[in-house]
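Hi,

Here is the structure I promised to pass on.

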Amino acid sequence: MSWTNLFRIVFVLLMAGHVLVMYSLARTQQHGFGFDLNTAILSTLFALLMLLPLAPAIALSDLPEAYSRTARRRRFKNGLCPTCRYPVAPSGGDTCQECGTRMIEPDPYRFTWAMARRFAFFALIAWIAGSIASEGWLIADEAAFRKEAEAEALKGRGSLLRDRRWPGNGYLAWDVDEGYFTAQGGTFSIQYSLPPAPTNAESE
Ligand SMILES: [Zn+2]
């Protein structure tokens with residue numbers, strides 16, 4: 001694999017990681033336990049919005065390509081083969097005697113729409129993959145919490161509260177009367193976000 005492609009893969013992974021964290025931030029701010037379509041849509045739109053400040057990174061994704069083009073041009077101007085650095089004899093003709101590269105001046109590196117399209121494509125992959133990974137991670141954390149709560153219930157306990165796994169924000173909570181819910185809060189106060197009380201409770 002070329003350095004250019006390796007760099008692009010790392011770049012997409014970093015953007016996907018950014019989406020994962022941003023999605024998680026929005027999703028766990030919504031006071032909901034478990035998957036919810038509206039929350040998922042809102043979270044993924046928030047993650048997309050948070051990708052926009054990375055637009056200047058459009059040049060970053062092409063850094064190895066820009067570097068290699070510049071290096072090839074410099075070698076050519078110094079009378080060397082752009083590919084293998086073999087000195088080119090004045091009477092050497094139009095191909096390198098060492099590796100057969102055509103001795104024509106390499107194109108300079110400049111911004112093109114192809115670059116912008118490539119960046120948009122990378123951002124799209126990162127957005128989709130990051131959002132799915134984030135939702136999957138949060139659902140897995142909630143499923144793990146359900147198991148922990150069931151284990152607590154078997155021991156005869158009636159409630160459980162713990163932090164969401166990173167990068168989730170807030171707490172996961174379970175209560176034998178209220179079921180599963182989420183909580184937000186700092187060190188000194190925890191505000192519970194309870195599901196609506198069943199309406200038949202008052203009529204009895
Ligand atoms: Zn050469």
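Predicted model: local features only at pLDDT ≥ 70, side-chain atom pairs only at ≥ 80, totals over all residues.

Below is what I found in it, going from the overall layout to the details.

Residues are numbered from 1 along each chain as its sequence is written.

**Layout.** The protein has five helices and four strands; these are DSSP runs numbered from the N terminus, with helices being H or I of at least four residues and strands E of at least two. Along the sequence they come in the order α-α-α-α-β-β-β-β-α. Of the 204 residues, 19% are buried. Buried here means 20 or more other C-beta atoms within 10 Å of the residue's own, exposed means 12 or fewer, and partly exposed is in between, with C-beta atoms placed from the backbone.

**Cores.** Which residues make up the largest nonpolar core? There are twelve: Met15, Ala16, Val19, Leu20, Met22, Tyr23, Ala26, Ala47, Phe119, Ala123, Ala126 and Trp127. (A nonpolar core is a set of buried Ala, Val, Leu, Ile, Met, Phe, Trp, Tyr and Cys residues joined through C-beta atoms within 7 Å.) Both α1 (3–28) and α4 (113–154) supply at least two residues of this core, and α1 gives the most, with seven. Another core lies apart from it and has seven residues, including Phe145, Ala149, Leu160 and Leu172. As you'll know, nonpolar side chains tend to be buried together in soluble globular proteins.

Leaving out residues up to four places away in sequence, Met22 touches Phe46, Ala47 and Met50; contact means C-beta atoms, placed from the backbone, within 7 Å.

**The α4 helix.** With 42 residues, α4 reaches 61 Å from its first C-alpha to its last, close to the 62 Å expected. The expected span is 1.5 Å times one less than the number of residues. Its buried residues are Phe119, Ala123, Ala126, Trp127, Gly130, Ser131, Ser134, Leu138, Phe145 and Ala149. Among the elements covering them are α1, α2 (37–51), β1 and β2. After α4 comes Gly156, with a positive phi near 90°.

**α1 against α3.** These two helices pack at about 155°, with axes 8 Å apart. (Axes are lines fitted to C-alpha atoms, for helices over the stretch in contact, and angles run from 0 to 180 degrees between N-to-C directions.) So α1 is roughly antiparallel to α3, a label for angles over 145 degrees. Trp3, Thr4 and Phe7 of α1 meet Leu63, Pro64 and Glu65 of α3. In α1 you'll also find Asn5, which counts as exposed because it has 10 C-beta neighbours inside 10 Å. Its C-alpha is 9.7 Å from that of Asp62, 57 residues apart along the chain.

Most residues other than glycine have a negative phi, and most peptide bonds are trans. Arg85, in the loop between α3 (63–77) and α4, has a positive phi near 70°. The peptide bond from Trp166 to Pro167 is cis, with omega near 0°, and Pro167 is in the loop between β1 (159–163) and β2 (171–175).

Cheers

Notes
Contact = placed C-beta atoms within 7 Å. Parallel < 35°, antiparallel > 145°, perpendicular 65-115°, else oblique.
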